[in-house]
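Okay, thanks everyone, let me share my screen.

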Amino acid sequence: MASAASTGKGPTSSVAASTGRGPTSTVARGPQCNALVDPLAALRTPADPPWDVYLTGPVFLDIIFTGLDSAPVRGTESWARGMGSSPGGVANMATALARLGLKTSLAAAFGDDHYGEYCWDALEQGEGIDLTPSRTVPGWHSSVTVSMAYEGERTMVSHGHEPPPEEPAPDCPPRARAAVASLEPGKRAPWIAQAAAKGARIFADVGWDETGAWDLAGLADLQYCEAFLPNAEEAMRYTGATCPREAAHRLTRHVPLAVVTLGAEGAYAVDGRTGETASVPAIAVEALDPTGAGDVFVAGFVTGTLADWPLADRLAFAGLTAALSVQEFGGSLSAPGWAEIGAWWRRIQSYDDQDPTALRRYAFLADLVPTELARPWPLRRAVPTIGFGRSA
């Protein structure tokens, strides 16, 4: 799911003023929280579920090449000017959520190799993600994806095997405020219904329908979802609409909240329960690597929804976090934290030629980001080579 990104100069298009502000957040404390800000601080009670978000799915080791002048040509050798390695797959979403301050629990199978060990340590020790439902499977190697980024696009080659039968059962999810799922045409995931029955709010995206049917009835688990976040092409194909905005409205016949990403045009959302709509333009950027930007967009929208922000603020925040992510290598480790968000917000206010209307679109950040935001440790970024040393 493609998203826009930031040039560092802030939004340049004219957008509507903020419809409201999110709840004031506090700087997070305690050894189990790596995020600097807890966006749900004002809403937390002793009766809350133990986790804000639950995820399950495959973890990959991503190897990313950037700085390619063009797509690889058959029979030739291409040299990349940049390279990074990081956990991928469902780890992209899990890391993005954790860096935004949500208590995140992940159920996944990890390979019994150095790649699997690296991914486990990066997620548990580096990001503070709960891996209690996960486990390492003896004799099973990690799945690997090689991603090549060029001309704002990417090409990927992956290798892996079907998850072993012993993979942690995702049909017994823990109690959580929300869960994020990727729907598959013609297939049910029993854990989605079970998570919804336990009170989780389900947010879902979808991949390309390889069958070509594009039948919403084939997305059986959509009935359990609160929000559905396809891209423009997917939304139009599933609804038969001729424009993405009309597709979003049609989707609300099947799911309460529809969010359609529009690429360079931003995103559009419709809340079928209230009739509220929101449209937020993209933030222009020269992208280094778009890997995982769609996951970061969803994570930003989930964060704003759980924090009970106005719809337009949620949409703007999702676009901003995705924008910041494509300026770094890799999928999971390119996700921004509150230090990056705060730095962006302070920086765009310093430009004399900033459009006041566009600036007001992000004014809700003023109540979220502390005036002085010191990061206690640097965020991990994708590195060329793994294995130099283990994290403490």
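One thing before I go on: what you're looking at is a predicted model.

So, β14. That's residues 257-261, and five of its five residues are buried. L257, V259 and T261 point one way from the strand, while A258 and V260 point the other way. In general, side chains in a regular strand alternate between the two faces of the sheet. Here the residues on both sides of β14 are buried.

Now its partners. Strand β13, residues 225-228, runs parallel to β14, with two bridges joining them. Then there's β15, residues 267-271, which runs antiparallel to β14 and is joined to it by five bridges. L257 turns up again in that pairing, standing opposite D271 in β15. β14 and β15 make a hairpin with five residues between them, and in the turn G263 has a positive phi of about 65 degrees.

Okay, on to β3. How many of the six residues of β3 are buried? Five of them, so this strand, residues 51-56, is largely enclosed by the rest of the structure. β3 runs parallel to β6, residues 104-107, through four bridges, and there V53 has T104 as its bridge partner. β3 also runs parallel to β11, residues 176-183, this time through three bridges. In that pairing, W51 has A176 as its bridge partner.

That takes us to helix α3, residues 190-197, where W191, I192 and A195 are buried. Looking down the axis of α3, the buried residues fall within an arc of 105 degrees, so they line one face of the helix. What do they pack against? β3, β11 and β12. On the other side of α3 you'll find P190 and A197, both exposed. After the helix comes G199, with a positive phi near 100 degrees.

Next, the sheet. Four strands form an open sheet, in the order β5-β4-β9-β10, and the pairing is mixed. β5 and β10 stand at the edges with a single partner strand each, so one side of each has no neighbour in the sheet. On average, neighbouring strands here are turned by 20 degrees against each other, ignoring direction. If you zoom in on β4, residues 59-66, eight bridges join it to β5, and the two run antiparallel. T66, for instance, stands opposite G82 in β5. Then helix α2, residues 114-127, lies across β4, β5 and β9, running at about 80 degrees to β5.

Let me turn to the cores. Which residues touch the most other members of the largest nonpolar core? L106, Y362 and L365, out of 71 residues in that core. Its largest share, 10 residues, comes from helix α7, residues 311-325. As for L365, if you leave aside its neighbours within four places in sequence, it is in contact with F317, L320, I341, W344 and W345. There's also a second, separate core of 33 residues, and Y54, A179, A235 and A241 are among them.

As a general point, most residues other than glycine have a negative phi. Two residues here go the other way. W214 isn't a glycine, yet it has a positive phi of about 50 degrees. Where do they sit? W214 is in the loop between β12 and β13, and D308 is in the loop between α6 and α7. And are they buried or exposed? W214 is buried, with a relative accessible area of 10%, whereas D308 counts as exposed at 62% relative accessibility.

Note on methods
Residues are numbered from 1 along each chain as its sequence is written. This is a predicted model: local features need pLDDT of at least 70, side-chain atom pairs count only at pLDDT 80 or more; totals for chains, interfaces and linings use all residues. Side-chain values use heavy atoms; hydrogens and water are left out. Buried means under 20% relative accessible area, exposed over 50%, partly exposed in between (1.4 Å probe, protein chains only). Two strands pair if DSSP finds at least two bridges between them. A nonpolar core is a set of buried Ala, Val, Leu, Ile, Met, Phe, Trp, Tyr and Cys residues joined through side-chain atoms within 4.5 Å. Contact means heavy atoms within 4.5 Å. Axes are lines fitted to C-alpha atoms, for helices over the stretch in contact, and angles run from 0 to 180 degrees between N-to-C directions. The arc is that of the directions from the helix axis to the C-beta atoms.
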